[in-house]
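Please read these notes with the sequence and the 3D view open side by side. Each point takes up one part of the structure.

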Amino acid sequence: MLEGTTSEIRERKALRVNPAKTCQPIGAMYAALGINGCMPHSHGSQGCCAYHRSQLTRHYKEPVVATTSSFTEGASVFGGMANLTTALDNIFTIYDPKMVAVHTTCLSEVIGDDIPMIIAKAKKDGKIPEDKIVIHTNTPSFVGSHVTGFSNQCASTIKYLSKSSGETKNVVNLFPGWVEPADMREIKRLAGAMGLDYILFPDTSDVLDSPQTGYYKMYPDGGTTLEQLEAMGDSFQTIAMGPLCSQAAAEQLEKQCNVPAKVIDLPIGLKATDAFIDALRVAGDVSVPEEIDKERGRLVDMISDMSQYFHQKKVALFGDPDHLISMTQFLVDVGMTPAIVVTGTPGKKFERRIHEICADTNPDVVALAFSDIHYLHQWIKQNPVDLLMGNTYGKFVARAEKNLPFIRFGFPILDRVGHRAFPTVGYAGALRLLEKITDAFFDLRDRNDSDENVELVL
Amino acid sequence: MTANIHILPGREDQVWQKGSGGNLACDRRSLAGSVTQRACAFCGSRVVLYPIADALHIVHGPIGCAVYNWDIRGSLSSGPQLHRNSFSTDLQEKEVIFGGEKKLHASLVELIQYYQPKAAFVYSTCIVGLIGDDVQAVCKAVSRETGIDVIPVESPGFKGTKKTGYQAACEAAFKLVGTGDTSQIGPYSINLLGEFNIAGEAWMIKRYFERMGIEVVATITGDGRVDDLRRCHGAKLNLVQCSGSMTHLAKRLDEDYGVPFQRVSFFGLEDTARALYAAAEFFGDPALMERAQEIVYEEIAKITPRLKEYRKRLKGKKAALYVGGAFKAFSLVLALRALGMKTVLAGTQTGSAEDYEQLKEICDPGTVIVDDSNPLELAKFVLEKDVDLFIGGVKERPIAFKLGVAFCDHNHERKIPLAGFEGMLNFAEEVANSVLSPIWRFAPRRMAQALNPKEDSHHECNC
Ligand code: SF4
């Protein structure tokens, strides 16, 4: 399908071809799903909400519920106040959530609806039951990307709900960033194994990976509870994973409730997981249990076993900044050579970080924010690589490049199931990534090697 | 548990049970605040035009809209694959303030120079009108500059449901109609409207007609080409499948060019045969009818033995269906019946009053019919009716699986041709693959039933 892509990179002034990002509201919706009993609400046209739900469903293979203001022509002229008020009334009467998290869309942003005012008025007019909560976040799609939307939702939730009672508790806040439910589960396991009391926010485990029970629950069991959200203001520290996704929320909490923020990279790969475990160790003033040490040891062991196959293999990556930074670091750590790293999300900081990480191994690394898959494709046509990593859309590039080994990584993954079940964070996640990388290389050899070259033992 | 799920207030009249009398309300906007399964006007126009493979499709707006519609429909093209790329102007804050016309202009010129498409469609999303962009003017200017047709598709999301978008798409496509040479088109010639070539279905259907001796001038829009659209007014008859999306274009072709149209369906044996006969009858040539009968006979004979096998295994199973358009619902009810299955719940996102009348007629007594439904309602009826199979789209799939019910995708994301005679066999296979999976025996509801055969199982539901 991408056979028509030429290798000559043309100057493009104005457009996006095969994007490596999407719009803010979907991130806000995902984050809001990580709150227990929360109904995400999309303040805009019906389509936005349907798209975000469908896309999340395709990725998580789970029912995703959210409501919409169902904008009409009238709303686009007179504003969405009436729609939102009716919507809130309906949502509480019909679906009875504990909380509604409103996010905006292109349309309501351009119209300029004053959401807090509308919420306040709805509250005054009795459209919102006394014991229920409505929060909002602004997610204009013409700024940032889906990652920004996730970050905004997290920060706004804290702004609305976290309080400090004046008494600091021996609890640490963990902000996992935009990772899979399986990853959130793994982060909790690690924190538990370290012996820490923690609050994870958001937490989509047991929301978007719920078991088959035979009945349909609009609000699954998982998610950070309202009590926890409030109590986060009393924790002694926040460990925020992934600057783009979690830093804003951590800083908001620091400002609001004086909870010191420590921002680290997403714990993907060896170094970043080390940093996470270390952050937990320092925070809890505990020593790392043997169990975790052994996990790490097994990872290092596998890297050594397979190191010859990694050596200086060139990799092209695309996806979201937080993920790419940790992944690039991991690839460098196992001896591979990131050649081009592309995100659709704007931000020069990302480019600097990638250059820093690759300074020793590949000073010529191409690091691009606010770019797209089409650019990456054209670039690798001129500079062949050994491996491609990115979301599902990468498979078209891989096919066009004669079945270039390709590993699905990031969001969205629409054509595989593993990401739902197995984490990529932590040492266990890193082991899984190594398995995928070696599988990709070895499968290629098994397919392409001539009879006399086929190796039984690799 | 089902007792705890209620139909949403204000929606009672959008749910109807055969045998209960009364009417079904439809064709209204979804309630603000509802978890509707519906999409928007932009989505409607985009999915309808997208299969035109040698045209450039560019989405003018912030990035999201372009991403969610990127290659989601399994419409195949036998030639160019240009339509499977995603092009967007990716509007930024700056353009929202100062306007996006310049960016659109530059994007179009760049893309047209690079890909040399036969025509370009420009989709305006929600905010384009609001930020004051005159898309029409930009299209005209680019058209002049590049010499190809650049056609605006006016379908901002808030304009309405997919239906509104279908109309905008038809209007846009119609701009090309009548600009091509029709002198080579024979007397027995048709267009297939509303056939999107999902998994190659248009190719299968086209072959039937060609075997009959009928020329298919254009499939609109499956495996579509700009030049076919230009000359499609030269065909003598339009067969409209998927009535919802293309009736408007058929009407325009009738009004302006005197090409009559008939609604047909290619889902299921009966409907496929009926469609072939309808065309033969229209041209009034007994030889055509003879050949149609031969084809029907031959094709059905080919698949009957295997179909019988499936029927034996599927007999008595109960199905629920929730699909986009009503016409598809009719065909599915019949097709399921042909497999020995019963439809106990039927619903559509966008059916009209007329559609629902027809649906009511063909359904069995007791069948529940819903318009513009939502997950809670669907779950309620699936459990109440103890359904074995759910047929729907992407948003319904995980709900069915959570309930422990088999699922068949009958929407545009599927990859298996379900149309025509062979399609019926594929459909049976799809249904059997899911319904007969041993996993449903492990579904909690079934396990409870197995332990306690007389009683219905009851679960507490926290919804
Ligand atoms: S880009 Fe804007 S209009 Fe499109 S889906 Fe996202 S929020 Fe909705």
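1. Which residues touch the most other members of the largest nonpolar core? They are L174(A) and F121(B), in a core of 166 residues. A nonpolar core here is a set of buried Ala, Val, Leu, Ile, Met, Phe, Trp, Tyr and Cys residues joined through side-chain atoms within 4.5 Å. Buried means under 20% relative accessible area, exposed over 50%, and partly exposed in between, with a 1.4 Å probe and protein chains only. Helix α18 (residues 426-448) of chain A gives the most to this core, with eight residues. Another core, of 63 residues, lies apart from it, and V264(B), L339(B), L425(B) and A428(B) are among its members.

2. A word on the source: this is a predicted model, in which local features need pLDDT of at least 70 and side-chain atom pairs count only at pLDDT 80 or more, while totals for chains, interfaces and linings use all residues. Residues are numbered from 1 along each chain as its sequence is written, chains are lettered from A and ligands numbered from 1 in the order in which they are written, and side-chain values use heavy atoms, with hydrogens and water left out.

3. Beyond its neighbours within four places in sequence, F121(B) has contacts (heavy atoms within 4.5 Å) with residues including L49(B), I52(B), H57(B), I151(B) and L176(B).

4. Chain A is assigned domain 1 (24-144), domain 2 (169-213 + 220-288) and domain 3 (293-453); such bounds come from an automatic or database domain assignment. The centres of domain 1 of chain A and domain 2 of chain A, taken over C-alpha atoms, are 26 Å apart. In this pair, 16 residues of domain 1 of chain A are in contact with 21 residues of domain 2 of chain A.

5. Domain 1 of chain A and domain 2 of chain A bury about 1,400 Å² between them, 65% of it on carbon and sulfur atoms. Buried area is the accessible area (1.4 Å probe) that two parts lose on being put together, summed over both. On the side of domain 1 of chain A, Y30(A), N36(A) and E62(A) lose the most area to domain 2 of chain A, together 40% of what that side buries.

6. How many salt bridges are counted between domain 1 of chain A and domain 2 of chain A? The count is zero, a salt bridge being a side-chain nitrogen of Lys or Arg within 4 Å of a carboxyl oxygen of Asp or Glu.

Definitions and conventions. Helix = DSSP H or I, 4+ residues; strand = E, 2+ residues; numbered from the N terminus.
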